[in-house]
Amino acid sequence: MKSLAVIILAAGKGTRMKSDLVKVLHPLAGTPLLALTLDLARSLRPDRLVVVVGSQKNLVREQFGAGDLLFVDQEEQLGTGHAVLTAGPALKDFQGTVLILCADVPLLSEETIKKFIKSHEEGLNTLSVLTTRLENPSGYGRAFRGEKGQLLRIVEEKDLRAGEETIREINTGIYCLEAQFLFLALLGLSDQNAQKEYYLTDIVATASSQGKKAAAYLTEDPMEVMGINTRLDLAKANQYLRRKIAERHMLEGVTLIDPQTTYIDHQVEIGGDTVLYPNCYLLGKTSLGKNCRIEPGCKITDTQVGNFVTIKASSVISESVIEDRVEVGPFAHLRPQTLLREGSRIGNFVEVKKSVIGKGTKANHLSYLGDATVGEKVNISAGTIFCNYDGHKKHPTIIEDGVFVGSNTELVAPIKIGRNAIIGAGSTITKEVPPDHLAVSRTRQVNYKRRSRRKD
Ligand code: UD1
Ligand code: CA
């Protein structure tokens, strides 16, 4: 293979999205469009990687400022041809193949793009365009071929002449070009067209008029090359990508009871024999181990889950770590920085925040555990509240191994409960409890005999 440079076009605002957020930062299956395109580009191990940014360029740069890529600024968005021209100085001394990708064409597979580059290089083409055939080609530039199938020109929809709209082969916006030809040809572009823009597509006509070899490489699956211009396109692409993700996991040994209502983000990892029930959301950088069961209606975000874990119905979990053989839910809420050690159990209507819950420890019902370090084999009974907030600051609760906390107890932090202590039900504990002690703090019960049945 020749040297390869990839240019990703990502400067457009995306007017048709009608959004305050630049188009390339809109997510598909939890990952911004540009990140998907960057993944694809990197899979080709290019010698150079250039991203053309413009609209909200600082926001884009912040998210993707990794060392292997070079950003160039297109101050004014004067069209796709102008965008590539802007990348020229960054590739001044480059010789070889330039692959142009659009950040708004994010579903392209590695397989297709590799075949495309191969056909460009083996065909000794000066220019190749990736095309597809659509039932409804409206909105796309059309490919005009000559008698021998060679590519003559691409015409934008708004510049078509009467009758030409019926051409169904369209430009996907993906190109391979010889660097030397590309940057010379761009200098000759004009903006005399319906949109008053410098169209990259016009260099196809330049190539054919100079007798250079220009080819169209037709790809079969039109979904892979769909461009995202509106929120309708975004929803359609989301459905496609989610189906692909679900299929990949099923082929790897994960059971999805109902793939259509299981939402798995792009980056999620799932171990074999794990079962996902309907209506689950696995989001962000979440990973699940083997043999887990995630019951209906769970939402799990940026969380690492071990093996043999059961998350019962309707639990909401974010930024947490769950070790092997833990049981959570139903209706549990794990908030950021929760660590559930092996074999622990967090039951219904229990909320945990920024806490470590030790091995084999149980909090089965109706409790709030926040800013706590809880040891091993602790029992936290129903209705326990860790009072961590005094209105100004958060304070820690420390519970050592083997403690038993009776029902309806408040532990007012900062507080420490020593090893094997017992807290009597209904207590409000404000002072440290030493190891092996029983602490009770509640008014003694008094039973008064009633004088008459009618009047007390
Ligand atoms: C473009 C093609 C069209 C093709 C379609 C495929 C041109 C003139 N038209 O049209 O033939 O069928 O893609 O999806 O190339 N961009 C910049 N700077 C600019 C303008 C655009 O970086 O000044 C970037 C955008 O961020 C986007 C890409 O280029 O990623 C395509 O731009 P867009 O305006 O969406 O072009 P289309 O009208 O879709
Ligand atoms: Ca587009």
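## Aromatic pairs

At 22% relative accessibility, Tyr217 counts as partly exposed. Phe116, in contrast, has a relative accessibility of 0% and counts as buried. This is a predicted model, and a search of the whole structure finds 3 aromatic pairs in it. In one of them, the rings of Phe116 and Tyr217 have their centres 5.9 Å apart, and their planes stand at 45°, so the pair is tilted. The pair links distant parts of the chain: Phe116 belongs to helix 4 (residues 110-122) and Tyr217 to strand 11 (residues 214-218), 101 residues apart.

Tyr263 and Tyr281 form a stacked aromatic pair, with 4.7 Å from centre to centre and 10° between the planes. Tyr263 is in strand 13 (residues 263-264) and Tyr281 is in strand 16 (residues 281-283), so the pair ties together parts that are 18 residues apart in sequence. Tyr263 is partly exposed, at 27% relative accessibility. Tyr281 is also partly exposed, with a relative accessible area of 31%.

## Charges over rings

The charged end of Arg325 sits over the ring of Phe308, and the distance to the ring centre is 4.7 Å. For Lys394, the ring is that of Tyr389: the lysine lies over its face, 5.1 Å from the ring centre.

Strand 10 (residues 169-178) has 10 of its 10 residues buried, so it is largely enclosed by the rest of the structure. Strand 6 (residues 97-102) runs antiparallel to strand 10 and is joined to it by 4 bridges. Opposite Leu99 stands Cys176 of strand 10. Strand 7 (residues 127-133) also pairs with strand 10 in the antiparallel sense, over 6 bridges. Here Leu127 has Leu177 of strand 10 as its bridge partner.

Helix 5 (residues 179-187) has as its buried residues Ala179, Phe181, Leu182, Phe183, Ala185 and Leu186. The elements that cover these buried residues include strand 10, strand 6 and strand 7, along with strand 1 (4-10), helix 3 (80-86) and helix 6 (202-209).

## Two domains

The domain assignment of the protein gives domain 1 (4-225) and domain 2 (253-439). Taken over C-alpha atoms, the centres of domain 1 and domain 2 are separated by 49 Å. Domain 1 contributes 5 residues to the contact and domain 2 contributes 4 residues. About 310 Å² of area is buried between domain 1 and domain 2, and carbon and sulfur atoms give 47% of it.

Thr303 is placed in the loop between strand 19 (299-301) and strand 20 (304-305). Its relative accessibility is 0%, and Thr303 therefore counts as buried. Leaving aside residues up to four places away in sequence, Thr303 touches Lys285, Thr286, Ser287, Ile317, Ser318, Glu319, Ser320 and Ile322. Thr303 and Glu319 are 16 residues apart in sequence, with 4.9 Å between them in space, C-alpha to C-alpha.

Glu319 lies in the loop between strand 22 (316-318) and strand 23 (320-322). Phi of Glu319 is near 45°, a positive value in a residue other than glycine. Glu319 is partly exposed, with a relative accessible area of 47%. Thr310, found in strand 21 (residues 310-311), has a relative accessible area of 16% and is buried. Not counting residues up to four places away in sequence, the residues that Thr310 touches are Arg293, Glu295, Val326, Glu327 and Val328.

## Backbone features in loops

A cis peptide bond, with omega of about 5°, joins Gly329 and Pro330. Pro330 is in the loop between strand 24 (327-328) and strand 25 (333-334). The peptide bond from Ala413 to Pro414 is likewise cis, and its omega is near 0°. Pro414 lies in the loop between strand 35 (410-412) and strand 36 (415-417).

Asn408 has a positive phi, near 50°, in a residue other than glycine. The loop that holds Asn408 runs between strand 34 (404-405) and strand 35. Asn408 is partly exposed, its relative accessible area being 47%.

Terms used. Residues are numbered from 1 along each chain as its sequence is written. Chains are lettered from A and ligands numbered from 1 in the order in which they are written. This is a predicted model: local features need pLDDT of at least 70, side-chain atom pairs count only at pLDDT 80 or more; totals for chains, interfaces and linings use all residues. Side-chain values use heavy atoms; hydrogens and water are left out. Rings of Phe, Tyr and Trp (its six-membered ring) pair if their centres lie within 6.5 Å; planes under 30 degrees apart count as stacked, over 60 as edge-to-face and the rest as tilted. Helices (H or I, at least four residues) and strands (E, at least two) are DSSP runs, numbered from the N terminus. Buried means under 20% relative accessible area, exposed over 50%, partly exposed in between (1.4 Å probe, protein chains only). A charge sits over a ring if NZ of Lys or CZ of Arg is within 6 Å of the ring centre and within 35 degrees of the ring normal. Two strands pair if DSSP finds at least two bridges between them. Domain bounds come from an automatic or database domain assignment. Contact means heavy atoms within 4.5 Å. Buried area is the accessible area (1.4 Å probe) that two parts lose on being put together, summed over both.
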